[in-house]
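Hello,

Here is the structure for your files.

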Amino acid sequence: MADGSEKYWREGAQSAMPVIPLRGITAFPNMVFHFDVGREKSVNALEKAMIGGQSVFLVSQRNADTELPTPEDYYSIGTIAKIKQMLKLPGDSIRVLVEGQSRGEIVEAVSEVPFIEAVIAEIEEDELDPLPPKVEALARLVLDAFDEYLSVNQKIPGDVFASVESIEHPGRMADTIASHMEFKTESKQRVLEAFDIEERLQILKEMVDKETEIERIEQDIGKKVRSKINQNQKEYYLREQIKTIRRELGEEESAEEDADGFLKKLKKLKLDKKIHEKIEKEIKRLARMQPGSAEATVVRTYVDWVFDLPWNVYSAKEIDLRAAQKQLDDDHYGLEKVKERILEYLAVMELAPNLKAPILCLVGPPGVGKTSIAKSVAAAMGRSFVRMSLGGVRDEAEIRGHRRTYIGSIPGRIINGMKEAKTMDPVFLFDEIDKIGNDFRGDPASALLEVLDPEQNKEFTDHYLEFAFDLSKVFFITTANTTDTIPRPLLDRMELIEVPGYTEQEKVQIAERYLVPKQFGEHGLTKDMLSISTGAVHDIINFYTRESGVRNLERRIAGICRKAARRIVEKKAKKVLVRPANLEKYLGKRVYRYDIIENQALVGVTTGLAWTAVGGTTLSIETSAVAGKGGVVLTGQLGDVMKESARAGISYIRSIAKEYGIPENFYDKNDIHVHIPEGATPKDGPSAGVTMCLAILSTLTRVPARQDVAMTGEITLLGKVLPVGGIREKVLAAHRAGIRKVLLPRENERDIEEIPDEVRKVMEFVLLDHVKDAMPHVLKRIPRARKARDKDADQKSGTPRARG
């Protein structure tokens with residue numbers, strides 16, 4: 001602070017906020033400007049600011065070349081700014097528009113990863129009404145000095161002075177002048193760090209006077225230098241040199257010749273009138289541009305993209321249903337529903353060639369062949385195959401493309417896929433559609449609504465192309481592990497086909513027909529070198545994998561192949577025989593076991609069935625009643641639906657307590673604890689209602705429950721059993737676990753037909769209308785009230801019991 005001057009600022013509130021170091025830029029309060037962000041920490045800081053109050057602290061780096069700045073590499077005083085707008089640029093960088101709010105100072109560093117965060121003290125300035133004489137005098141001197149500087153510097157627009165002169169606050173006026181001056185970062189930082197207005201004006205006056213003097217010296221030197229050609233003449237001269245060099249190399253081709261060639265191509269395409277006029281206009285623009293200009297490059301790239309698209313090109317292969325069915329059967333074992341739907345579509349296409357292509361969604365656990373069958377569909381139909389993974393896609397531009405507002409903009413991946421397919425009717429696979437995301441860059445799922453709607457995709461508009469492109473002949477197939485995370489409007493546009501898990505016998509067939517030959521080929525083995533018996537395959541499935549698909553099965557087979565290859569190369573064996581007896585030698589100790597004890601019974605423990613994104617599974621539900629005040633404890637990461645099922649079961653048991661000899665006031669004197677093991681795994685869904693109800697009933701009546709009986713179904717407060725989904729997957733899970741009796745809701749009787757014959761033949765199914773229907777099959781005996789037991793005893797003995 002200058003000696004004898006008053007203090008016209010004060011330190012305000014402190015708060016933690018993201019920090020972004022700027023390279024070669026100094027941010028001032030009350031200034032609106034933009035800058036580009038590309039570093040990971042800075043992008044993370046922007047995202048944090050957008051989640052919060054959109055405030056960010058901007059500081060200048062001491063050295064602009066430092067890529068990963070530490071606190072020593074940037075100044076501690078900067079500007080608190082508010083984010084106004086963000087725009088994604090090519091190369092994963094972001095352009096940010098901000099408005100400076102006030103000065104600030106870093107008081108304490110909070111963190112360095114994943115972004116820089118610090119506690120910032122805001123510096124507040126007084127309004128100065130009226131202006132102190134000394135401050136007013138300094139402000140006038142600075143304004144005059146800036147006016148003089150503008151008179152010798154022609155780079156700054158003339159209207160800047162008028163806008164600066166209209167600023168009444170001298171501190172803001174000084175900041176505005178400093179932001180317009182071509183000072184070095186160190187000089188601008190001096191102005192920013194001058195909290196006191198008098199000091200700031202004095203520093204700025206000295207700096208402006210110095211710049212004015214330097215500018216005058218530069219003009220004097222410039223007048224003494226005589227130039228025979230101006231900048232335009234120089235560019236013309238260089239351009240003529242380039243043309244001469246190209247002519248000598250035989251590469252000479254004028255813009256007019258390019259345009260003529262494009263127009264001839266356009267005429268042959270026979271496009272829609274609107275599209276034709278749009279492209280023709282761009283070609284004529286290209287003809288009027290200088291070939292080497294940036295804009296000509298953008299237009300030429302656009303025209304090249306247009307002509308690379310497969311206009312009016314369709315697959316010429318005739319439909320042969322028998323050949324298509326053979327192709328599907330050769331590539332995949334099972335999956336009858338999917339194959340049937342594809343063959344139905346091909347049959348209808350034979351009768352109605354103009355049929356709109358269906359949009360199928362294959363839903364099933366991992367490893368069951370959803371992606372590979374899409375490739376087989378393309379091969380069976382004789383069409384090109386394009387795959388686009390949607391897992392983690394968050395930018396709408398991935399679907400709709402980028403607008404042609406900058407160099408480097410490109411179409412979306414759908415148009416790019418059509419270019420790669422080279423036909424208008426490929427099989428287009430959207431993989432992992434249930435894992436699509438969204439953020440501030442847009443919602444890709446909403447953009448897909450137009451693509452996957454047969455009534456709209458005939459006129460799909462990519463932002464880059466700016467005209468409608470016909471996708472109605474494209475056969476779209478999507479894959480998902482679950483439909484729960486797919487937005488409902490998007491799900492409504494697709495035909496769902498469930499791709500279920502495989503039975504043990506199906507896995508054996510898949511292993512022997514496809515997986516074993518594939519791994520033999522990849523590991524350079526033949527049947528004369530390695531033999532894996534059918535019994536060994538059964539044991540791999542039962543004791544080394546537990547999955548709905550066959551991915552882990554393939555990994556286990558690959559592991560055997562590697563060990564066999566080593567033994568053969570080391571000449572320890574000419575041929576390796578893998579049998580159940582020596583399987584542990586190649587795969588180690590057994591990982592899983594299926595040895596549930598027949599007729600084992602435990603109090604308060606029942607076996608339920610669940611359906612997850614990775615297939616069916618069994619759940620062991622444990623319950624206990626301890627002294628308490630009627631509380632209900634639910635553990636095991638249960639979701640809201642399962643918690644409601646548990647409470648509904650308790651309410652139902654309270655309503656029938658007297659009938660089964662349960663004290664009517666049990667709820668007041670006991671806490672009921674419901675637990676599902678494997679607490680690290682979240683669980684939810686309506687399937688466990690019956691299971692939890694019987695487990696609680698077993699606990700309260702002390703009647704053991706059988707563990708070799710599995711069940712599924714939701715219940716109402718009246719004890720009715722409601723239908724649930726995923727019956728096939730659940731029954732397969734019970735079969736894998738060695739369970740042979742399954743209790744199902746009666747309304748799920750129709751789903752039993754979907755269960756493979758080899759499983760259905762060995763399973764016993766009990767259909768439930770009411771929870772009471774399940775009691776004889778689960779509980780070792782039916783609990784009854786004491787009076788009912790006494791009456792039965794009297795009838796058996798024939799002697800009336802004395803009554804008091």
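**Strand pairing around β5**

Strand β4 (residues 77–89) pairs with β5 in the antiparallel sense, over twelve bridges. This is a predicted model, in which local features need pLDDT of at least 70 and side-chain atom pairs count only at pLDDT 80 or more, while totals for chains, interfaces and linings use all residues. Residues are numbered from 1 along each chain as its sequence is written, and side-chain values use heavy atoms, with hydrogens and water left out.

Strands are DSSP runs of E, at least two residues long, numbered from the N terminus; two of them pair if DSSP finds at least two bridges between them.

Within the pairing of β4 and β5, I77 has E105 in β5 as its bridge partner. The hairpin of these strands has three residues between them, and G91 there takes a positive phi near 80°.

β5 (residues 93–111) also pairs with β2 (residues 32–37), antiparallel, over six bridges. Here F33 stands opposite V98 in β5.

With strand β6 (residues 116–125), β5 forms seven bridges, again in the antiparallel sense. R103 stands opposite I123 in β6, and a hairpin of four residues joins β5 to β6.

**Cysteines**

How many disulfides does the rule give? With a disulfide taken as a pair of cysteine sulfur atoms within 2.5 Å, the count is zero. On burial (buried is under 20% relative accessible area, exposed over 50%, partly exposed in between, with a 1.4 Å probe and protein chains only), C561 is buried at 0%. C693 is buried as well, at 2%.

Regards
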